[in-house]
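I opened my notebook to look up a few things in this structure, one entry at a time. Follow along with the sequence and the model beside you.

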Amino acid sequence: MQTKSMAARSYKVPLGGLLLIGLLLVASLPGLAREKDETIEATAFSTGTQTGQTFGVTLIIYEFSTPEDRQVLVQAFEKGQNQGLVNALTKMKAVGHVSITGTLGYDVSFIKLIPTPTGRKIRFITNRPIQFGEAFYNTQSQYANLTAGEFDLNDTDKSKNTGILYPAAQLVINKDAQVEIVPNQNPWRLSDPIDWKGTAGVN
């Protein structure tokens with residue numbers, strides 16, 4: 001199986017779990033458009049064998065995705081698993097943009113807002129553009145064709161803002177019928193996110 005040879009280990013996620021499955025299975029709030037985009041900036045710190053590397057991450061939010069958008073992704077994954085999800089994301093309009101330091105970044109197809117007792121969580125997932133070298137040399141990394149992440153924003157104590165980023169990953173269903181996040185590398189910790197909110201009363 002192609003995912004077995006990836007350098008990083010897979011992450012088993014029970015249905016209804018934290019990041020990607022929670023993103024897909026928990027209903028979203030209605031889509032919210034705004035006059036002024038919201039921007040979240042953070043520093044990504046590597047984990048595991050990559051410890052010591054850092055880079056800046058910026059997520060710009062144009063609007064939040066709708067429950068209908070979420071349902072499209074759920075059905076796409078049920079029918080075609082990871083590739084079905086990628087295909088569905090490709091057809092969606094951009095609701096945001098993600099970039100890292102020194103790059104132009106790329107559009108984000110799905111962003112979900114989840115209210116919490118202390119603030120809110122913002123989860124996103126999008127298809128990752130495959131680089132020329134990955135396709136030319138047919139590397140295993142090209143199968144990790146999703147980027148996903150989560151910001152946990154605390155309105156009462158900004159110092160408790162946290163996040164996580166999977167720059168390159170895919171979803172698979174294992175023999176135990178669990179969904180696994182299979183990253184091409186260990187997830188990155190997003191430290192000290194700064195939330196530049198958009199239109200007042202919307203976010």
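**Entry 1: a charged pair under cover**

I started with E150, which is buried, with a relative accessible area of 11%. I kept in mind that the model is predicted. The cut-off for buried is under 20% relative accessible area, so E150 at 11% falls on the buried side.

Which residue does the side chain of E150 meet in a salt bridge? I found R123, with N and O 2.5 Å apart. E150 belongs to strand β8 and R123 to strand β7, so I noted a link between distant parts of the chain, 27 residues apart. R123 is buried as well, at a relative accessible area of 7%. I reminded myself that side chains of opposite charge can pair when their charged atoms come close.

**Entry 2: the two strands**

Next I looked at how β7 and β8 sit together. I noted that β7 covers residues 119-127 and runs antiparallel to β8, with nine bridges joining them. R123 came up again here, since its bridge partner in β8 is E150.

Is β8 (residues 146-154) mostly covered or mostly open? I found it mostly covered, with eight of its nine residues buried.

**Entry 3: R120 and its partners**

How many salt bridges does the structure hold? The count is five. One of them joins R120 to E38, and their closest N and O atoms are 2.4 Å apart. I noted that R120 is in strand β7 and E38 in strand β2 (residues 33-45), so this pair links distant parts of the chain, 82 residues apart.

I checked the cover on each. E38 is buried, with a relative accessible area of 0%. R120 counts as buried too, because its relative accessibility is 6%.

R120 also meets D195 in a salt bridge, at 2.7 Å from N to O. D195 lies in strand β11 (residues 188-196), so this pair ties together parts that are 75 residues apart in sequence. Both R120 and D195 are buried.

**Entry 4: the nonpolar cores**

I turned to the nonpolar residues. The largest nonpolar core has 20 residues, and L59, I111, I122, F124 and F151 touch the most other members. At least two residues of this core come from each of β2, β3 (54-63), β6 (110-116), β7, β8 and β11. Which strand gives the largest share? I found that it is β3, with four residues. I also marked a second, separate core of 13 residues, with L73, L89, M92 and L171 among them.

**Entry 5: two more residues**

I looked up N145, placed in the loop between α3 (132-136) and β8. N145 is buried, with a relative accessible area of 10%. Its side chain makes a polar contact with the side chain of N82, at 2.8 Å.

My last stop was Q75, in helix α2 (residues 67-91). Is Q75 buried or partly exposed? I noted it as partly exposed, because its relative accessible area is 38%. From Q75 to L85 I counted 10 residues in sequence, and their C-alpha atoms are 8.5 Å apart in space.

Note on methods:
Residues are numbered from 1 along each chain as its sequence is written. This is a predicted model: local features need pLDDT of at least 70, side-chain atom pairs count only at pLDDT 80 or more; totals for chains, interfaces and linings use all residues. Side-chain values use heavy atoms; hydrogens and water are left out. Buried means under 20% relative accessible area, exposed over 50%, partly exposed in between (1.4 Å probe, protein chains only). A polar contact is a pair of N or O atoms within 3.5 Å; within protein, one must be able to donate a hydrogen and the other to accept it, and residues adjacent in sequence count only if both atoms are side-chain atoms. A salt bridge is a side-chain nitrogen of Lys or Arg within 4 Å of a carboxyl oxygen of Asp or Glu. A nonpolar core is a set of buried Ala, Val, Leu, Ile, Met, Phe, Trp, Tyr and Cys residues joined through side-chain atoms within 4.5 Å.
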